[in-house]
Amino acid sequence: MATIEHSEIVNASPERVFELLRRVEDFADYSDLIRSIDTLGENRYRWHVRAVGMDWAFDVQVTDIQPPHVLAWESLDGVKNQGRYQLRGVPEGTEVALTLSYEIRNRLMERAVNKAAKPLVGKVSRQILERVEARLNE
C-alpha cells in the first residue's frame, strides 16, 4: 500500500475541528473533487470522487472515533484505502495530521494514480482543512 501524509494547523480548538471532521457526509462541501457522500448507516458511507480524470466510488466505514483526537476509516469496497485524522492541540489551535494509505490492483492505473496521488491528496487535504477553518470562523 502507498501511504501519503499531510498536516496543517487549523486556528480552532481540537474539539471544534473534530466536530466538523466527524460529519463525514459534509466532506463534499469541503472539496471540489468529492462529488457526494451517501450515508449508508452504522458509520458507513459511499464516497463519489472525481480524480485523475475518472469517477471513483467506494464505501468506507469509520473504524475508530476518539473525540477530539482520532477519526479513522477503511474502505469496504472499491479503491482499497484506509485513513486517519490525528488531532493535537498546539498554541496556534489544532494540528491536524492525515495519514492515507491506498492500493490499486490495476498496474497501469496504479502508476497513473501514484504519480498524481501525493499532490492530489495534499491539495484535497489542504482544501478540506481550509474550508473547515472557514466554516469554524463563520
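This is a predicted model: local features need pLDDT of at least 70, side-chain atom pairs count only at pLDDT 80 or more; totals for chains, interfaces and linings use all residues.

Modeller: The protein chain averages a pLDDT of 87, and 88% of the residues score at least 70.

Biologist: Which elements have the lowest and the highest mean pLDDT?

Modeller: Helix H2 (residues 107-136) has the lowest, 74, whereas strand E5 (residues 70-75) has the highest, 97.

Biologist: How many helices and strands are there, and in what order do the elements run?

Modeller: The protein chain holds 2 helices and 7 strands. From the N terminus, the order is β-α-β-β-β-β-β-β-α.

Biologist: Why are the buried residues of H1 said to line one face of the helix?

Modeller: Buried means under 20% relative accessible area. In H1 (residues 14-21), Pro 14, Val 17, Phe 18, Leu 20 and Leu 21 are buried. Down the axis of H1, these residues fall within an arc of 165°, so they line one face.

Biologist: What makes a set of residues a nonpolar core, and which members of the largest one touch the most others?

Modeller: Its members must be buried residues of the nonpolar kinds listed for a core, such as Val or Trp, joined through side-chain atoms within 4.5 Å. The largest core has 37 residues, of which Val 17, Leu 21, Phe 27, Trp 47, Tyr 85, Val 96 and Ile 128 touch the most other members. H2 supplies the largest share of this core, 6 residues.

Biologist: Which residues is Trp 47 in contact with, leaving aside its neighbours within four places in sequence?

Modeller: Contact requires heavy atoms within 4.5 Å. The partners of Trp 47 include Val 24, Phe 27, Ile 34, Trp 56 and Phe 58.

Notes:
Residues are numbered from 1 along each chain as its sequence is written. Side-chain values use heavy atoms; hydrogens and water are left out. Buried means under 20% relative accessible area, exposed over 50%, partly exposed in between (1.4 Å probe, protein chains only). Helices (H or I, at least four residues) and strands (E, at least two) are DSSP runs, numbered from the N terminus. The arc is that of the directions from the helix axis to the C-beta atoms. pLDDT is the predictor's confidence in each residue, from 0 to 100.
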